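Please keep the structure open as you read.

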Amino acid sequence: MGKNSSNSAIRNNYWSPYLTGVLLGLVLLSTFYLMGWGLGVSRAVTKVTAYVLHIPFPDMVEKNIYFKDYFREEQPLKDWIVFEVSGMVIGGIVGAITGRRFSIRVERGPRINPARRFLFALLGGIIVGFATRLARGCTSGVALSGGATLALGAWAFVIGMFSGGYAIAFFVKRLWR
């Protein structure tokens with residue numbers, strides 16, 4: 001089997017980008033209408049982190065200038081955004097199962113070993129996580145929700161994000177070929 005035939009077989013196991021784009025747009029429209037907010041992830045991650053840290057370190061969380069705002073409520077896990085993110089995880093699993101792609105594996109190129117792949121993923125996650133909290137929002141919140149409301153800052157962010165991604169890809173693409 002040639003290289004192109006295996007790539008086309010893999011591509012056929014994904015949902016249609018047109019269908020998923022329309023469905024994502026409907027979900028975004030629904031969250032604006034029903035909840036008064038768009039989509040996002042970072043607040044849910046912070047709420048869950050504050051909740052989990054509160055179990056062993058309640059004083060630290062309640063006095064921490066950053067976490068106390070996320071733990072103000074009696075039960076922070078009841079926030080709708082935590083359920084939204086849970087739905088995203090479930091949706092990803094459903095998509096992988098229905099596309100017959102569900103498996104546990106390390107996605108990597110032929111020139112990188114799993115340990116280095118995990119290291120790069122960890123470093124990238126730390127950088128994105130720091131930038132997300134610094135910007136007070138995640139890429140999905142800014143790009144999808146901000147872009148849907150035609151916020152100029154959101155469009156500037158998307159252009160910058162893709163430009164940065166292409167610039168970095170130039171240096172790491174050899175690891176994936």
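1. Let's start with Lys47, which forms a salt bridge with Asp79; their closest N and O atoms are 3.5 Å apart. Lys47 lies in helix H3 and Asp79 in the loop between H4 and H5, so this pair ties together parts that are 32 residues apart in sequence. Both Lys47 and Asp79 are buried. Do keep in mind that this is a predicted model.

2. Asp79 has another partner: its side chain also meets that of Arg43 in a salt bridge, at 3.1 Å from N to O. Arg43 belongs to helix H3 (residues 42–54), so here the parts tied together are 36 residues apart in sequence. Asp79 has a relative accessibility of 11% and counts as buried, whereas Arg43, at 23%, is partly exposed.

3. The structure holds three salt bridges. One of them pairs the side chains of Glu107 and Arg105, at 2.6 Å from N to O. Glu107 is partly exposed at 44% relative accessibility, and Arg105 is partly exposed at 48%. Shared partners join Arg43, Lys47 and Asp79 into one network of salt bridges.

4. Now please turn to two helices, H7 (residues 139–148) and H8 (residues 152–172). Their axes come within 8 Å and cross at roughly 130°, and H7 and H8 are therefore oblique to each other. The crossing of H7 past H8 is left-handed.

5. Which residues make this contact of H7 and H8? From H7 come Thr139, Val142, Ala143, Gly146 and Gly147, and from H8 come Ala154, Trp155, Phe157, Val158 and Met161. Seven of the contact residues are nonpolar, three are polar and none is charged.

Key: Residues are numbered from 1 along each chain as its sequence is written. This is a predicted model: local features need pLDDT of at least 70, side-chain atom pairs count only at pLDDT 80 or more; totals for chains, interfaces and linings use all residues. Side-chain values use heavy atoms; hydrogens and water are left out. Axes are lines fitted to C-alpha atoms, for helices over the stretch in contact, and angles run from 0 to 180 degrees between N-to-C directions. Helices (H or I, at least four residues) and strands (E, at least two) are DSSP runs, numbered from the N terminus. Angles under 35 degrees count as roughly parallel, over 145 as roughly antiparallel, 65 to 115 as roughly perpendicular and the rest as oblique. A crossing is left-handed if the near helix is turned anticlockwise from the far one by less than a right angle, and right-handed if clockwise. Contact means heavy atoms within 4.5 Å. Ala, Val, Leu, Ile, Met, Phe, Trp, Tyr, Cys and Pro count as nonpolar, Asp, Glu, Lys and Arg as charged, and the others, Gly among them, as polar. A salt bridge is a side-chain nitrogen of Lys or Arg within 4 Å of a carboxyl oxygen of Asp or Glu. Buried means under 20% relative accessible area, exposed over 50%, partly exposed in between (1.4 Å probe, protein chains only).
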